[in-house]
Amino acid sequence: MADRSALITGVTGQDGSYLAELLVSKGYKVYGLVRRLSSPNMSHLKGIRDAIEILDGDLMDQTSLQQAVKAADPTEIYNLAAQSFVAASFSQPVLTGEVTALGAVRMLEAARAHAPTARFYQAASSEMFGHVEREPQDELTRFHPRSPYGVAKVYAYWACVNYREAYGMFVSNGILFNHESERRGIEFVTRKISDGVARIVTGHAKHLTLGNLDARRDWGYAPDYVEFMWRTLQHQVPDDFVGATGESHTVREFVAAAFHEAGIDAWEPFVRTDDRFKRPSEVYNLRGDPSKAAQRLGWKATTRFDELVRTMVRADLARYGRT
Ligand code: NAP
Ligand code: GDD
């Protein structure tokens, strides 16, 4: 019987699946919370499906969360489940608040009732900085969210701080900047680009249609960031940490690098823009300062921008049969 066990919400997603792999490799007993769907989507878990235990539950449903925490009796809880797509939060603001904000409180309540000594990680976000007051952003930068998603994450962030202060629970926020991978959902811009480039060069599409090409993001590689999550919970005391590369690039730069990787330098004729993909209030510029995590957690993002783009484009090219 493993003496360390973890319950991961959002285990079917990009981060949850990488985190489950990391914790299994470290000898943890891993439980993954999965909501019922008409067609189960366990594709990211295929390498470790037999090594983890799936528990039914939904962040909208308190009873299922209580039962899951009780059944797992974990030493660590990672709350990664969310309605995580910023654009969708404008069309589904109430659902986003229910899942991304109140869902975190439901998990905190389940932990308080059934695993009060478990260490709790909350997937906070650089979207909380939104309309940034300074660059780079660190743990002391003021929040000014620009989307229902960002607002929900700020609520969840403060709920976590409050459970730490009110009940003495070990609750930590990881304020993570964008991190991507070949498992990234197809609607997020990096994956939309890598998939779009692969479709164009393999003759499956003629154009790629995007929104704001001038937005800047601090893009890292997701496997680096699940290591950050784990280190956050191994720290002596609960605390809040920024996870970032410290480097930012525009969407336009990502597009150029992705086409270049596929052998096309004159990319402009293949890319269109459409206001449909722009947001009612945009976050123009995010770049994080990960100094605190470097000093206290010994963490550093190892994969840089060019390598990230290469990895994602190559994976999508391979999916379309081009190696
Ligand atoms: P993701 O791929 O979109 O995964 C989200 C996960 O949440 C999926 O497993 C999804 O399950 C689950 N989920 C959604 N609604 C649920 C509900 N009502 N009940 C239970 N589970 C539910 O997101 P990600 O990129 O891995 O991000 C993980 C977390 O980090 C999220 O909280 C996100 O907001 C946050 N974050 C991400 C980034 C980033 O750049 N990736 C940066 C900062 C913070 P289904 O498979 O059933 O849909
Ligand atoms: N999705 C998308 N699609 N974004 C586009 C497009 C497009 O066609 N064209 C331009 N963009 C711009 C968006 O306006 C935004 O400024 C930027 O590309 C990144 O968009 P996303 O990839 O959708 O990610 P995000 O930054 O809004 O949110 C992600 O990162 C957050 C951390 O800062 C998500 O993973 C969030 O869950 C996470 O918290």
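**Note on the predicted model: domains, cores and ligand shells**

1. The protein chain is assigned domain 1 (5-179 + 220-243) and domain 2 (185-217 + 248-282 + 304-319), with bounds taken from an automatic or database domain assignment. The domain centres, taken over C-alpha atoms, are 28 Å apart. Domain 1 supplies 10 residues to the contact and domain 2 supplies 9 residues, where contact means heavy atoms within 4.5 Å.

2. This is a predicted model, in which local features need pLDDT of at least 70 and side-chain atom pairs count only at pLDDT 80 or more, while totals for chains, interfaces and linings use all residues; side-chain values use heavy atoms, with hydrogens and water left out. Residues are numbered from 1 along each chain as its sequence is written, and chains are lettered from A and ligands numbered from 1 in the order in which they are written.

3. The largest nonpolar core has 59 residues, and those touching the most other members are Ile8, Leu19, Leu23, Tyr78, Tyr121, Ile193 and Phe259. Such a core is a set of buried Ala, Val, Leu, Ile, Met, Phe, Trp, Tyr and Cys residues joined through side-chain atoms within 4.5 Å; buried means under 20% relative accessible area (1.4 Å probe, protein chains only). Helix α7 (residues 222-234) gives the largest share of this core, 7 residues; helices are DSSP runs of H or I with at least four residues, and strands are runs of E with at least two, numbered from the N terminus. Domain 1 and domain 2 each contribute at least three residues to this core.

4. Leaving aside residues up to four places away in sequence, Phe259 touches Val197, Ile200, Leu208, Ile264, Trp267, Phe270 and Val271. A second, separate core of 25 residues has Leu7, Leu59, Val99 and Ala118 among its members.

5. Ligand 1 is surrounded by 25 residues, of which Thr12, Asp15, Arg35, Ser84 and Tyr149 are the closest; a residue counts if one of its heavy atoms lies within 4 Å. Oxygen atoms of ligand 1 lie 2.6 Å from a side-chain N or O atom of Thr12 and 2.9 Å from one of Asn41. Of the 900 Å² that ligand 1 exposes when taken alone, the protein buries 89% (Shrake-Rupley method, 1.4 Å probe). In the shell around ligand 1, β5 provides the largest share, 3 residues.

6. Ligand 2 has 25 residues around it, and Ser84, Ser125, Ser126, Tyr149 and Arg279 come nearest. A polar side-chain atom of Tyr149 is 2.5 Å from an oxygen atom of ligand 2. For Lys192, a side-chain N or O atom lies 2.7 Å from an oxygen atom of ligand 2; for Arg217, the distance is 2.8 Å. The protein buries 96% of the 710 Å² that ligand 2 exposes when taken alone.

Methods
Buried means under 20% relative accessible area, exposed over 50%, partly exposed in between (1.4 Å probe, protein chains only). A polar contact is a pair of N or O atoms within 3.5 Å; within protein, one must be able to donate a hydrogen and the other to accept it, and residues adjacent in sequence count only if both atoms are side-chain atoms.
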